[in-house]
Amino acid sequence: MARRDYWKTAAAQRVRQISGLKDIDQAIAKIAEDLMDGLDGPPTDLEVLAHRVDVTDIRQDGAMLVPGELRKLRDGLVVFLLPNLTKTRRRFTLAHELGHAFFERTGRRPPPSRELEQLCDKFAAEFLMPRRMFVSFAGQHPDLPRVHELCQRFETGLLSTLGRVSDIYRYRAIELRGGEVVWRRRLSAPALHQVSDQLQALCGEAGNEVIDLYERGGYSRWNLEWKMLGGENHRIGLLHPA
């Protein structure tokens, strides 16, 4: 199967044009940093940030089929959220919708697409966990205990924070539930099977061991940290170079 050609939509081109940068992650980081200039944190005050992207109000709508939605009303842009979201889910959903608001205020609304949603997820990560600030708190080699501290400090969910650590530090991450992979980050298919099999075979509430991971025709050594998440068959794993 051919690899999908990412970041070719008009939305991605607009991000590059406004930032003046070609790399999409660096471009979004620059735009977010400019929008958040002078904002206190962590955690990010999303209500203040909302006004900077022309969102006039944040309301609830229990009838929606999605956790959040940006609507253009007579009185301006309004974000609607489901009323029963957890605190961290509410913050991520709001931050994601502020990503949509960025596109709304900078030109024609982009057509719905998977890539647009991915771009707004990247904006959400930058809004919630600004890169420079996140690295200053995470340190040079964040581990699972530090990830949990980052969740508390930035008021973010575990998987969002793990994903941020994985993206910035090039770590690998995985979540298993009942022996099934339900989430992963930066794990290719061959490595995924190795890690998931290894993770299922481990015993105890938490631990750390060194494994040899076969990728791209060779082996490399990784520290595999794991932690149970409230059930015998529910656990997460974080891999960083040994």
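These legends accompany close-up views of backbone features in a predicted model.

**View 1. The cis peptide bond from Gly41 to Pro42.** The peptide bond that runs from Gly41 to Pro42 is cis, and its omega is near 0°. Pro42 lies in the loop between α2 and α3. In this model, α2 covers residues 24-35 and α3 covers residues 46-52.

**View 2. The cis peptide bond between Pro42 and Pro43.** Pro42 and Pro43 are joined by a cis peptide bond, with omega about 0°. Pro43 is placed in the loop between α2 and α3. Pro42 also takes part in the cis bond from Gly41.

**View 3. Arg170 and its positive phi.** Arg170 is not a glycine, yet its phi is positive, at about 60°. The residue sits in the loop that connects α8 (158-169) with β4 (172-177). Arg170 has a relative accessibility of 48%, so it counts as partly exposed. The cut-off for exposed is over 50% relative accessible area.

**View 4. Arg216 and its positive phi.** Phi of Arg216 is near 50°, which is a positive value in a residue other than glycine. Arg216 is found in the loop between β6 and β7; β6 spans residues 206-215 and β7 spans residues 218-231. Arg216 counts as exposed because its relative accessible area is 89%.

Note on methods:
Residues numbered from 1 in each chain as written. Predicted model: local features only at pLDDT ≥ 70, side-chain atom pairs only at ≥ 80, totals over all residues. Heavy atoms only, no water. Helix = DSSP H or I, 4+ residues; strand = E, 2+ residues; numbered from the N terminus. Buried < 20%, exposed > 50% of the residue type's maximum accessible area, 1.4 Å probe, protein only.
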